[in-house]
Amino acid sequence: MKTLGKLEAILWSIALPGFPQLLIGSWIKGVLFVLLEFIINVQSHFNKAIMLSFLGETRMAAEIIDYQWLMFYPCLYMFAMWDAYKASLIKDEKLAYLPFVFSAYTVTVGLMISPNIEIKNVFIGPIFFPMMCVIPGVMIGLILKRVILQMQRT
């Protein structure tokens, strides 16, 4: 069974959820993550929305997105990433899941409110705004992790 470093696990998971699991031989999990990613991606029209967003057509991206399907994506994506990260750990890292969990929360909320978000009269859209929401999720998770670990030491 192959092992992955933390960075390698995260980067392969960003490329496609399930890839790190396949690389380390966790076939069932890997295939399940890839299959779920594919189903959600197709049903939500995610790739088309990504393409439109990168072409500057964020309003058109918002119109073609199926939000009901896409709302499954942040949790699946972050869970698959967490699973890959966890598998790469040599020793247990206490509360390491918190940045992943809070990113799933903030990206999901970001997706829900993205139809109403404009910055300086520029519509950010259902792709870029949720991506921006990863940052507060990671920060909240890291801060919460630090606070909890600090409280446990005292």
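Among contacts in the protein chain between residues at least 6 apart in sequence, what percentage join residues at least 24 apart? The share is 60%, where a contact means heavy atoms within 4.5 Å.

This is a predicted model, in which local features need pLDDT of at least 70 and side-chain atom pairs count only at pLDDT 80 or more, while totals for chains, interfaces and linings use all residues. Residues are numbered from 1 along each chain as its sequence is written, and side-chain values use heavy atoms, with hydrogens and water left out.

The protein chain contains 10 helices and 2 strands, arranged along the sequence as α-α-α-α-α-α-α-α-β-β-α-α. Helices (H or I, at least four residues) and strands (E, at least two) are DSSP runs numbered from the N terminus.

| Property of the protein chain | Value |
|---|---|
| Span of the C-alpha trace along its principal axes | about 45 × 40 × 25 Å |
| Buried residues (under 20% relative accessible area) | 42% of the 154 residues |

A nonpolar patch on the surface is formed by Leu-35, Phe-38, Ile-39, Val-42, Trp-69 and Phe-72, with about 570 Å² of accessible area together. Patch residues have over 30% relative accessible area and no salt bridge, and nonpolar side chains are joined within 5 Å; a salt bridge is a side-chain nitrogen of Lys or Arg within 4 Å of a carboxyl oxygen of Asp or Glu. Helix α3 (residues 27-44) provides the largest share of the patch, 4 residues.

Key. Patch = residues over 30% accessible without salt bridge, like charges linked within 9 Å, V, L, I, M, F, W, Y side chains within 5 Å. Areas by Shrake-Rupley, 256 points an atom, 1.4 Å probe, with all protein chains shown as cover. Buried < 20%, exposed > 50% of the residue type's maximum accessible area, 1.4 Å probe, protein only.
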